[in-house]
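Notebook, one model, one sitting.

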Amino acid sequence: MIVLELTDTGFYVVEDEIIVGKAITIRAAAGLKSKPVFVNSSSKTLAAFITIENGATLNVKGIAFKGAYGSAGDVRCGIRSTETPMNKPYKAFIDACEFYDYNEGSFAGFKGSKSTLADSLVIINSLFRNISGTGINLAEERDDRGIYGAEYTVVKNCVFTNILGSAINVYRGGNDESTLGPFVTIENCTINEVDNREQGSAIRLLGAQYARVLNCNFVNSGQGGRSLEFREFRWDDILVNNCNFYNSGKVDTYYNKALGKEIFEIKPEFTNSKEFNFNLKKGTQLSSKSSGGVGANL
């Protein structure tokens, strides 16, 4: 595996998208006081900072991806899969990263392109903020043939804040029984000020055949519609439990069987939300729920 280590903080200027065609790790060196920040230095709009090709594996740790920078061209996605159809699935592992300042409705922090499949998409300990589009977009397969963007999607200990579209958008259309996924796990995440448009959804998991949304904190999100939206079949295995919904929309499911017994409506007290620190203050009511509290702890 190729390892690219960034040893300094500050801006790392990118003039064109980085194409990943094999196994590669891009990481910040240990002990840095702040994250290295990828920015576009060219006048042209970039499709992404990093594009994953057929069968490749990407590991990214400790990097920030800033979509708008000065007078340079926009960047549509922090990380995406290629728009060329795949015959081998890719893998992406994202840890302790930040995605922000994506300023159009079609932009996203991460996007799985049509006709591509992630075997595994794992995003942990990361922050998505100030995005006009979607935090994580896995909804490009719209032919309703039972095809979807990722087999296993795992999002843990992440914060989504100030996002006009959905924090996470997963779509599988059709009822082709030959496909078993997608499998989606979302745990210990904080969703704050996300998709308050009329009939919006802070998280969309349409057609997920297995879904777990556990220990998550929804705050001022989905106010025009839904905090969570499912469109499940009878046999789908979905569960929402140990979650807090404060000043947020409903959980919308077809069979109304998703909610567990531990559902709260408590106003959270964050350490410093203006500085994007959404850790719960110790000793507050919500911090005592579940094991270690509800929501992210970055």
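I began with C189 and found it buried, at a relative accessible area of 0%. The model is a predicted one. I then searched the whole structure for disulfides and got zero. For C189 the nearest cysteine sulfur is that of C216, 4.8 Å away. A disulfide needs the two sulfur atoms within 2.5 Å, so I logged C189 as being in no disulfide. C216 is likewise in no disulfide, and its nearest cysteine sulfur, that of C243, is also 4.8 Å away. I noted C216 as buried too, with a relative accessible area of 0%.

Next I went through the salt bridges. The structure holds 19 of them. I looked up the pair D95 and K61, whose closest N and O atoms are 3.9 Å apart. Are the two ends buried or partly exposed? D95 counts as buried at 18% relative accessibility, whereas K61 counts as partly exposed at 46%.

I then followed E229. Its salt bridge with R204 has closest N and O atoms 3.2 Å apart. E229 lies in strand β24 (residues 226-230) and R204 in strand β21 (residues 201-206), so the pair ties together parts that are 25 residues apart in sequence. Both residues are buried, with E229 at 7% relative accessibility. E229 also forms a salt bridge with R231, at 3.6 Å between the closest N and O atoms. R231 is partly exposed, at 37%. I traced the shared partners and got one network joining D195, R197, R204, R226, E229, R231 and D252.

E141 was next. I placed it in the loop between β15 (134-138) and β16 (150-156). E141 counts as buried, at 6% relative accessibility. What lies 2.5 Å from a polar atom of its side chain? I found the backbone nitrogen of S115 there. Leaving aside neighbours within four places in sequence, the contacts of E141 include S113, K114, T116, Y148 and Y171.

Last, the nonpolar side. The largest nonpolar core has 63 residues. Those with the most contacts inside it are F65, I79, F110, I136, F160 and L205. I listed what I136 touches beyond four places in sequence: among them are F110, L121, F128, V155 and F160. I also noted a second, separate core of eleven residues, including V219, F264, F270 and L280.

Terms used: Residues are numbered from 1 along each chain as its sequence is written. This is a predicted model: local features need pLDDT of at least 70, side-chain atom pairs count only at pLDDT 80 or more; totals for chains, interfaces and linings use all residues. Side-chain values use heavy atoms; hydrogens and water are left out. A nonpolar core is a set of buried Ala, Val, Leu, Ile, Met, Phe, Trp, Tyr and Cys residues joined through side-chain atoms within 4.5 Å. Buried means under 20% relative accessible area, exposed over 50%, partly exposed in between (1.4 Å probe, protein chains only). Contact means heavy atoms within 4.5 Å. Helices (H or I, at least four residues) and strands (E, at least two) are DSSP runs, numbered from the N terminus. A polar contact is a pair of N or O atoms within 3.5 Å; within protein, one must be able to donate a hydrogen and the other to accept it, and residues adjacent in sequence count only if both atoms are side-chain atoms. A salt bridge is a side-chain nitrogen of Lys or Arg within 4 Å of a carboxyl oxygen of Asp or Glu.
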